[in-house]
Amino acid sequence: MSTTSAALTRREQILKEAARLFAERGFHGVGVDEIGAAVGISGPGLYRHFAGKDAMLAELLVGISGRLLTGGKRRAAEARSGGDAAEALLDSLIEGHIDFALDDRPLITLHDRELDRLRDSDRKLVRQLQRQYVELWVEVVRDVYPAMVEPEARATVHAVFGLLNSTPHLSRPGPLPGRNAMARLLHRLARGAFAAAASNGAA
């Protein structure tokens with residue numbers, strides 16, 4: 001059991017450093033040896049965990065898409081089982097996405113730059129997971145704003161994702177100063193965007 005836990009921990013370390021380096025220097029600008037050095041193992045030692053850089057990239061991009069969807073479904077299930085109002089669930093979804101946007105900024109950069117490098121099957125899986133994530137949000141947004149038609153709700157969800165996923169442009173790599181204040185600001189902006197879209201549709 002401990003061996004498995006240690007292997008998972010090292011695997012996660014490799015992925016974290018690979019994401020950082022790929023985001024900073026581009027996929028082709030980083031060698032396996034450099035990723036290994038960042039986690040304290042030899043480049044060839046990485047092949048005990050991954051077949052190569054392509055496998056790391058696929059696990060990073062498929063993995064984060066899957067985690068966002070799983071997290072969104074969990075929040076929805078918890079809210080509904082607890083009898084929470086749709087407003088509370090929307091706030092919870094926004095909070096979950098903000099956590100991702102502030103804490104996993106290299107993955108946003110990686111997705112924007114390197115998605116087309118994935119194999120067709122992996123890229124299709126990423127898109128499928130993302131569509132399900134969007135539709136989860138659309139359902140909740142329309143529960144909160146019943147007058148908003150589905151295409152408008154979907155467009156607004158995409159716009160809010162664009163707003164929240166702008167975090168790589170906020171500062172240089174590393175922890176953001178004033179993270180809590182930034183999280184609150186992003187939350188207000190997201191809710192403001194949904195309210196503005198609903199108000200425009202009702203006008």
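In this predicted model, the axes of helix 6 (residues 120-144) and helix 7 (residues 150-164) cross at roughly 115 degrees and come within 9 Å. The crossing of helix 6 with helix 7 is right-handed. Both belong to a protein chain with eight helices and zero strands.

**Overall layout**

- Along the sequence, the pattern of the protein chain reads α-α-α-α-α-α-α-α.
- Taken along the principal axes, the C-alpha atoms occupy a box of roughly 60 × 35 × 35 Å.

**Helix 6 against helix 7**

- Helix 6 contributes Tyr133, Val134, Glu135, Trp137, Val138, Val141 and Arg142 to the contact.
- Helix 7 answers with Glu150, Ala153, Arg154, Val157, His158 and Phe161.
- By class, the residues of this contact are eight nonpolar, one polar and four charged.

**Helix 3 and its end**

- Helix 3 covers residues 53-81, which is 29 residues.
- Its end C-alpha atoms are 41 Å apart. At 1.5 Å a residue the helix should span 42 Å, so the two values agree.
- Gly83 follows helix 3 and has a positive phi, near 70 degrees.

**Helix 3 against helix 5**

- Two packed helices are described by the angle between their axes and the distance between the axes.
- For helix 3 and helix 5 (residues 105-114), the angle is about 115 degrees and the axes are 11 Å apart.
- This crossing is left-handed, whereas helix 6 passes helix 7 in a right-handed one.
- On the helix 3 side, the contact is made by Leu57, Leu60, Leu61, Ile64 and Arg67.
- On the helix 5 side, Leu107, Leu110, His111 and Glu114 take part.
- The residues of the helix 3 and helix 5 contact comprise six nonpolar, one polar and two charged.

**Salt bridges**

- The model has 16 salt bridges, counted with a side-chain nitrogen of Lys or Arg within 4 Å of a carboxyl oxygen of Asp or Glu.
- One of these links Glu24 and Arg20, with the closest N and O atoms 3.4 Å apart.
- Both Glu24 and Arg20 sit in helix 1 (residues 2-25). They are four residues apart, about one turn of the helix.
- An α-helix has 3.6 residues a turn, so residues three or four places apart point the same way.

**Annotated region**

- An unreviewed UniProt entry lists residues 31-50 as "DNA-binding region".
- In the model, residues 31-50 are 40% helix and 0% strand.
- The end C-alpha atoms of that span lie 14 Å apart.

Methods
Residues are numbered from 1 along each chain as its sequence is written. This is a predicted model: local features need pLDDT of at least 70, side-chain atom pairs count only at pLDDT 80 or more; totals for chains, interfaces and linings use all residues. Side-chain values use heavy atoms; hydrogens and water are left out. Helices (H or I, at least four residues) and strands (E, at least two) are DSSP runs, numbered from the N terminus. The expected span of a helix is 1.5 Å times one less than its number of residues. Axes are lines fitted to C-alpha atoms, for helices over the stretch in contact, and angles run from 0 to 180 degrees between N-to-C directions. A crossing is left-handed if the near helix is turned anticlockwise from the far one by less than a right angle, and right-handed if clockwise. Contact means heavy atoms within 4.5 Å. Ala, Val, Leu, Ile, Met, Phe, Trp, Tyr, Cys and Pro count as nonpolar, Asp, Glu, Lys and Arg as charged, and the others, Gly among them, as polar. UniProt positions are given in the numbering used here, feature names are shortened, and annotations may be inferred rather than shown by experiment.
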